[in-house]
2 protein chains.
Amino acid sequence: MNHTIFALKGTIAYTPVPDKFVFAEESFLVCENEKVKGIWKELPDELKGIRVCDYTGKIIFPGMCDLHMHAPQYAFRGLGMNLENPDWDMWFEKYAFPDEKRYEDCEYAKKAYERLTDDLLKTTTTRCVMFGTLHRQSTEILMDLLEEKGIAAYVGKVNMDRNSIPGLLETTGESLEETKRWLSDCAEKKQYKKCRPMITPRYIPTCTDELLSGLGELAVEKGIPVQSHLSEGLDEMEWVRKLKPEISFYGEGYDRYHMFGDAVPTVMAHCVYSSEEEIALMKKREKLIVAHCPQSNISSSGGIAPVKRYLAEGIRVGLGSDMAGSNTLSLLRAITDAIHVSKARWAFTERGNDPHAKKNVLSLAEAFYLATHGGEGLWDSVGSFEEGYSFDAVVLDDSRIRDYCERSSYERTERLILMSDDRDIEAKFIDGRMVYQRADG
Amino acid sequence: MNHTIFALKGTIAYTPVPDKFVFAEESFLVCENEKVKGIWKELPDELKGIRVCDYTGKIIFPGMCDLHMHAPQYAFRGLGMNLENPDWDMWFEKYAFPDEKRYEDCEYAKKAYERLTDDLLKTTTTRCVMFGTLHRQSTEILMDLLEEKGIAAYVGKVNMDRNSIPGLLETTGESLEETKRWLSDCAEKKQYKKCRPMITPRYIPTCTDELLSGLGELAVEKGIPVQSHLSEGLDEMEWVRKLKPEISFYGEGYDRYHMFGDAVPTVMAHCVYSSEEEIALMKKREKLIVAHCPQSNISSSGGIAPVKRYLAEGIRVGLGSDMAGSNTLSLLRAITDAIHVSKARWAFTERGNDPHAKKNVLSLAEAFYLATHGGEGLWDSVGSFEEGYSFDAVVLDDSRIRDYCERSSYERTERLILMSDDRDIEAKFIDGRMVYQRADG
């Protein structure tokens, strides 16, 4: 790598620690060899003359990490959120599975994933953790596109050897063989730089013990992170109890096979209804990361994960869009949703009818921290602008949503989180490379 | 009025009754003299040759009614949603009151209200119920702009004779005198056609009994509808109890002065924490309309109004943005939020841990009905496309958010509600007049 150094100039907003914003107004954020070198109000002598991208008047956030999304479901986002009881099964039968089946066609995959990755560029997301489909080739197409566009990602070829629809199901042997072939493709043929594979048993109901066992072995042997779903819905949990009466809680079904954060980093999506026993194990498993998906949970079942509890217990938490359990890729929306649902959970549990109860809810800075630092268990030093962090930065233009008063950096940040959309993303950098620039920018 | 007749052609979606969408694919929606004449798949002979606005491929919704918003607060929307305890007072002190005070300056009012009314055109809202400020002149400026742009609205000059900040407070006498002068302006000098005045005591804490009494008399004498706030927050309700120990519940404070839907239509915003006694009175008061503001309630206190209960009790309910308790004018977002919070309320109350509990939550059609029919207690026959309804129609273009499959009209409707924004509003008609057309449309 050649030595490269440059700076962005603008108002910088980040959360080095939870619950506290740091702002550097109209300052220089310097990148050296893909990493943050530091922030200066005026460039020191030794940095004078470096290339400066001038975003004066704009706001610069650290890139955000979407810890949970289903890439193939982007196509049908915004559909099937309002089905009648028993809606969960119907959603899979009507939308998720038939739509995922389309990805056996590589041309369809190319078209749909091209659109997803293009649209991802116009968000604050710089890193993501994705489910693909069970199709090896389509999963590689997705990874090719992410790599080409410079988006850092962990991507999973999904494993399912039971309880799916015809044509979207593997035998246990096929599932393991295809996974091995895919891992070997990633390591040798493709040699991805930004994009890495992730072991992805869809969830307990779609994976036999034999499959889980084989996947766990692969993960541990090759040191490959894992992602799956956990305790998302009451009906799903009841199903898991029926399928696996021998385990005492859902997470144990993964933990038996070293896919619960003991051996490799493991993202568990949702954790809405985790039992005390499950939470106790989550605390012990230091490589476990909870992907909190507020919009998806409230939309599917009115569920709200106890995120404040998890944070108090020292469990690692980040945010996920859960595309297409939600209808948006925006992690700014996920921040807003996470705050809103934390307030409702607090109001319906701890507060009761006490108007003076201390508000145990997510603050704006705390939710911002979850969105930006969520990938830290998977990547080193991401989500902040301290020295040595990956240079992931998003430039936002708040001119469309300003009012008539001078507003503080905190206020401009709050408003961008609550109100901006793809139109306001001015530019995006991942590992020091500009991956997106607004057409008129 | 000259006889006018024309048709819109497109896919028509509406809810003549709660909980049921009716779709008319690629049909003609005919307007005659500001009213809906009917829907035809093919125009009958007697209508052949009328002017047709061709929106083939687009979707046409009835206009929606925003039952509660603070027009002056539009300027600072998206700010102050994440203050620390005791946040409610701070929000008023830091944002609401200082910003409202700016409207003593007519130039500022003109600029800010011009922007609000322009932006309102790019939404699905065709009718709204608004708080202005206590300034008579600014309130008239707002009404002039609404009238000029053809937006149907009830607007209130706000009354406050206690518990506000210096410079944003009237004496009781001033408040009543200014209100009378404003009502006379509206009736005589201005002769508004679309825009009507509404008696607007801000809420019990800012209005003495003498003021409430005087306002109630005016409302009854002149037959002018009323709007105010009710049981929005636990701290507010505690304050009301202290201020008025003689009443047994909040709503009684309005009811004593005929401002609770006994004499004139009355919009009560929020009703999140209404007691059983209050709900019993709400049921009796047939002219009372609840403005349900889901985003504002969850954001301010984690509160969720028991809307399913109100509907089951036969209480009239519609949706409000509560700008700037929320950050958006979009009633499509309010529909989504109303559904989400109804699910959370159900999950945290009725459902408990029963995975088989019957889902007592708002359906998409039901929430759409609330958004479109919410103004029915204030205007005759609005929010539907049956014969004789006001011709309020919004044309939406879903081409930006389509995927690769043929989708049903229900699916296209769901997706528009969940995902569209101002860019997708193609045209808008209020009382048969086109008030907005997208620049490239």
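A salt bridge is a side-chain nitrogen of Lys or Arg within 4 Å of a carboxyl oxygen of Asp or Glu. The model is predicted, so local features need pLDDT of at least 70 and side-chain atom pairs pLDDT 80 or more, while totals for chains, interfaces and linings use all residues. Residues are numbered from 1 along each chain, chains are lettered from A, and side-chain values use heavy atoms, without hydrogens or water.

**View 1. A salt bridge joins B:Arg423 and A:Asp421.** Their side chains meet at 3.7 Å, N to O. Between chain B and chain A the count is six salt bridges.

**View 2. Chain B meets chain A.** In contact (heavy atoms within 4.5 Å) are 67 residues of chain B and 67 residues of chain A. B:Asn82, B:Phe348 and B:Tyr404 supply 14% of the area that chain B buries against chain A, more than any other three residues. Buried area is the accessible area (1.4 Å probe) lost when two parts are put together, summed over both. The total is about 5600 Å², with 49% on carbon and sulfur atoms.

**View 3. The rotation axis relates the copies.** B:Phe348 comes closest to the axis of the residues of chain B, at 3.2 Å (C-alpha).

**View 4. A:Thr125 is buried.** Its relative accessible area is 1%; buried means under 20% (1.4 Å probe, protein chains only). Leaving aside neighbours within four places in sequence, A:Thr125 contacts residues including A:Met64, A:Asp66 and A:Lys428.

Terms used
Buried means under 20% relative accessible area, exposed over 50%, partly exposed in between (1.4 Å probe, protein chains only). Copies are superposed by least squares on the C-alpha atoms of residues with pLDDT of at least 70 in both.
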